[in-house]
Amino acid sequence: VLFCAGCSDSRLKNSSREDKNGWIHVHLEGTPSQIGYQHGYLLAPEIDDAIKMFAFYFENGSVKKDWKFFREAAERIFWPKLEKEYQEEIQGIVDGLAARGFKYDKIDITALNANIEITSYYVPWLANKIKQDSMNNRAPGKCSAFIATGSYTEDGKIVIGHNNWSDYINGERWNVIADIVPAKGHHILMDCMPGLIHSGDDFAINDAGILYTETTITQFKGFDENGTPEFMRARKAAQYASSIDDFIKIMTTDNNGGYANDWLVGDTKTNEIARLELGLKNTPVWRTFDGMYEGSNFPSDPKLTSEETTFNPNDMTVSANSRKVRWAQLMAE
């Protein structure tokens with residue numbers, strides 16, 4: 001275990017890192033700049049590795065865009081829309097990296113955080129806008145999840161689960177458990193990738209009893225470059241939501257359509273659960289104190305499906321639909 005409580009640098013006070021069973025556990029505590037500095041310092045080699053990996057992956061994989069492209073999008077579209085607190089945290093990560101000898105700037109870290117929004121939402125939107133080209137099937141379908149409560153669980157309390165099938169090259173690096181105690185807002189526990197201020201996976205819980213996960217709406221189309229980045233809203237929801245209503249308000253306010261998901265959220269104070277299907281134009285919500293909501297990358301609302309996706313809910317050769325059938329069988333059991 002690497003404890004930094006006694007470090008000479010006051011910004012590292014009360015922070016720590018422990019490597020255990022393939023996971024990197026970090027405790028981050030303080031102001032936004034302190035949390036960022038601790039993050040950058042404690043995870044410096046892993047952040048450096050993650051950026052180099054993504055630069056290679058995006059240029060040589062299906063996206064065919066170099067890191068310069070990601071930096072341009074991050075600087076123009078994402079960084080200016082971040083609230084001051086999260087700009088300070090990202091700058092703190094940069095400062096922590098610099099203290100360990102790594103030379104990155106705030107735009108690199110913003111691009112890292114926004115990589116999902118850029119690859120699967122901004123790039124297709126841009127291609128359609130410029131070339132009138134059909135690239136609407138970029139939103140991936142790589143996870144399944146559920147949330148249940150009431151008579152659907154053994155003790156009547158909330159049960160939540162999620163799995164993610166990322167490519168090995170990035171999935172093996174999604175191995176951080178971040179325990180964050182911010183100066184303002186709630187204590188957060190979440191999984192994430194080195195350098196991310198949000199989970200991205202997504203799996204998070206806070207000390208107000210709000211927990212959430214999601215599955216991506218596959219074959220989604222739509223992006224608003226004037227909206228607020230999804231990665232910031234997801235982090236803000238983890239930090240400031242004290243209720244399901246708070247979560248919905250934060251996620252839908254100035255929504256940019258990036259990382260369009262079926263968000264599964266629960267409140268352990270009341271054992272209520274909800275599903276927020278967060279499109280760009282349509283944001284339907286389902287709520288219950290006794291039931292289960294599942295996700296496997298399929299949209300549930302017919303209006304959203306027809307207006308904002310190219311998804312065919314009747315095509316059983318699509319994995320999302322096959323898994324939906326399996327979910328129905330499991331719920332019946």
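## Basis of the description

Local features of this predicted model need pLDDT of at least 70, side-chain atom pairs count only at pLDDT 80 or more, and totals for chains, interfaces and linings use all residues. Residues are numbered from 1 along each chain as its sequence is written, and side-chain values use heavy atoms, with hydrogens and water left out.

Helices (H or I, at least four residues) and strands (E, at least two) are DSSP runs, numbered from the N terminus.

The buried residues of α1 are Pro-32, Ile-35, Gly-36, Tyr-37, Gln-38, His-39, Gly-40 and Leu-42.

Gly-40 and Leu-97 are 57 residues apart in sequence, yet their C-alpha atoms are 4.8 Å apart in space. Leu-97 belongs to helix α4 (residues 84-99) and is buried, with a relative accessible area of 0%. Leaving aside neighbours within four places in sequence, Leu-97 is in contact (heavy atoms within 4.5 Å) with Gly-40, Tyr-41, Ala-44, Ile-47, Phe-102, Tyr-104 and Ile-109.

On the α4 side Glu-85, Tyr-86, Glu-89 and Ile-90 take part, and they meet Phe-231, Met-232, Arg-235, Lys-236, Gln-239 and Tyr-240 in α8.

Helix α3 (residues 67-78) and helix α5 (residues 106-113) have axes that come within 8 Å and cross at roughly 95°, and α3 and α5 are therefore roughly perpendicular to each other. Here Trp-67, Phe-70, Arg-71, Ala-74, Glu-75 and Phe-78 in α3 meet Ile-107, Asp-108, Thr-110, Ala-111 and Leu-112 in α5.

## Aromatic rings

Rings of Phe, Tyr and Trp (its six-membered ring) pair if their centres lie within 6.5 Å, and planes under 30 degrees apart count as stacked, over 60 as edge-to-face and the rest as tilted. By this rule the count comes to 17 aromatic pairs. The rings of Phe-247 and Trp-263 have centres 5.9 Å apart and planes at 65°, so this pair is edge-to-face. The pair links distant parts of the chain, with Phe-247 in helix α9 (residues 244-252) and Trp-263 in strand β10 (residues 261-267), 16 residues apart. Phe-247 is buried, with a relative accessible area of 0%, and Trp-263 is buried, with a relative accessible area of 0%.

Ring pairs also link a cluster, which includes Trp-67, Phe-70 and Phe-78.

His-162 lies in strand β5 (residues 159-164). Leaving aside neighbours within four places in sequence, the contacts of His-162 include Cys-143, Ser-144, Asp-201 and Glu-214.

Asp-267 has its place in strand β10 and is buried, with a relative accessible area of 6%. Among the residues in contact with Asp-267, neighbours within four places in sequence left aside, are Ile-158, Ser-242, Ser-243 and Ile-244.

Technical notes. Axes fitted to C-alpha atoms, helices over the stretch in contact; angles between N-to-C directions. Parallel < 35°, antiparallel > 145°, perpendicular 65-115°, else oblique. Buried < 20%, exposed > 50% of the residue type's maximum accessible area, 1.4 Å probe, protein only.
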